[in-house]
Amino acid sequence: MLISGHDPGRSPTSFSDVYEAHFDAILGFVTRRTADRHVAADLTADVFVAALEAFDSYDARRGTHQVWLYGIARNTLASYARHTAREREAVAALSGRRLLDEQDMLRFEERIDAEREARELLARHAVLSAPLRAVLDLVAVDGLTTKDAAKVLRISQPTARVRLHRARAALRAGHATPPDTFSTPLAEATR
């Protein structure tokens with residue numbers, strides 16, 4: 001496979017030629033800077049993968065292939081060092097903290113389920129008709145009696161009780177409009 005990057009005055013060089021010519025030097029460079037031979041092998045592979053991906057952009061005026069590869073190796077090692085440092089910081093931040101056990105997980109699941117039920121109830125509440133929601137809010141949220149809620153809304157006490165009953169039934173049933181909702185404007189006006 002012939003790639004366009006090459007030294008001036010020389011025939012084009014293939015990436016495999018560059019790899020074979022400089023592998024040992026790059027492996028030595030990386031090995032001298034890491035204590036783990038497996039990490040050194042992985043990082044050396046990363047250097048050559050990055051070099052292959054950037055081979056078309058190689059510029060011989062900026063240095064030989066070896067110089068170029070050493071630059072990539074330095075960047076690869078620096079990136080690895082940053083990643084390792086972040087990982088150590090994360091481990092240090094977590095050390096000394098209690099890990100979640102099965103009881104903790106069960107409590108989280110119960111809380112999530114409870115919050116889901118609350119969200120669903122709020123959604124059903126939001127689509128109640130304004131008259132049903134007004135009575136329900138005054139009684140269930142504000143703590144007024146049905147009689148006082150009727151006075152606040154300027155409706156009869158029986159109308160307030162019916163609306164409260166319908167609102168609660170709608171919330172329990174999971175829909176916002178009870179089947180026996182007021183159907184005529186006259187019925188609404190008299191309540």
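User: Helices (H or I, at least four residues) and strands (E, at least two) are DSSP runs, numbered from the N terminus; how many helices and strands does the chain have?
Analyst: This is a predicted model, in which residues are numbered from 1 along each chain as its sequence is written, local features need pLDDT of at least 70, and side-chain atom pairs count only at pLDDT 80 or more. Totals for chains, interfaces and linings use all residues, while side-chain values use heavy atoms, with hydrogens and water left out. Read from the N terminus on, the elements run α-α-α-α-α-α-α-α. The count for the chain is therefore, by the DSSP runs of helices and strands, eight helices and zero strands.

User: In which helix of the chain is confidence lowest, and in which is it highest?
Analyst: The score to look at is pLDDT, the predictor's confidence in each residue, from 0 to 100, and its mean over the chain is 82, with 83% of the residues reaching 70 or more. Over residues 176-191 the pLDDT is below 50, and it also stays under 50 over residues 1-11. Comparing the helices, the mean for residues 185-189 is 37 and the mean for residues 37-54 is 95, so, with pLDDT being the predictor's confidence, the lowest is helix H8 and the highest is helix H2.

User: What percentage of the 191 residues of the chain count as buried?
Analyst: A residue is buried under 20% relative accessible area, exposed over 50%, and partly exposed in between, using a 1.4 Å probe and protein chains only. The chain exposes about 13200 Å² (by the Shrake-Rupley method with a 1.4 Å probe), and carbon and sulfur atoms supply 55% of that area. Among the 191 residues, the share that counts as buried is 29%.

User: Which residues is Leu 69 in contact with, leaving aside its neighbours within four places in sequence?
Analyst: Contact means heavy atoms within 4.5 Å, and Leu 69 is one of the residues that touch the most other members of the largest core. With the neighbours within four places set aside, the partners of Leu 69 are Val 18, His 22, Ile 26, Val 47, Phe 48 and Ala 51.

User: Is Thr 146 buried or exposed?
Analyst: Thr 146 is found in helix H6, which covers residues 146-153. Not counting residues up to four places away in sequence, Thr 146 touches Val 139, Gln 157, Ala 160, Arg 161 and Leu 164. Because the relative accessible area of Thr 146 is 18%, this residue counts as buried.

User: What is the relative accessible area of Arg 154?
Analyst: Arg 154 lies in the loop between H6 and helix H7 (157-173). The phi of Arg 154 is near 60°, a positive value in a residue other than glycine. Arg 154 is classed as exposed because its relative accessible area is 78%.

User: How far apart are the C-alpha atoms of Asp 56 and Phe 15?
Analyst: Asp 56 lies in the loop between H2 and H3, and it counts as exposed because its relative accessibility is 61%. Although Asp 56 and Phe 15 are 41 residues apart along the chain, the separation of their C-alpha atoms is 9.8 Å.

User: Which residues do ring pairs link into a cluster?
Analyst: Rings of Phe, Tyr and Trp (its six-membered ring) pair if their centres lie within 6.5 Å, with planes under 30 degrees apart counted as stacked, over 60 as edge-to-face and the rest as tilted. A search of the whole structure finds seven aromatic pairs. The residues that ring pairs join into a cluster are Phe 15, Phe 55, Tyr 58 and Trp 68.

Methods
Core = buried A, V, L, I, M, F, W, Y, C linked by side-chain atoms within 4.5 Å.
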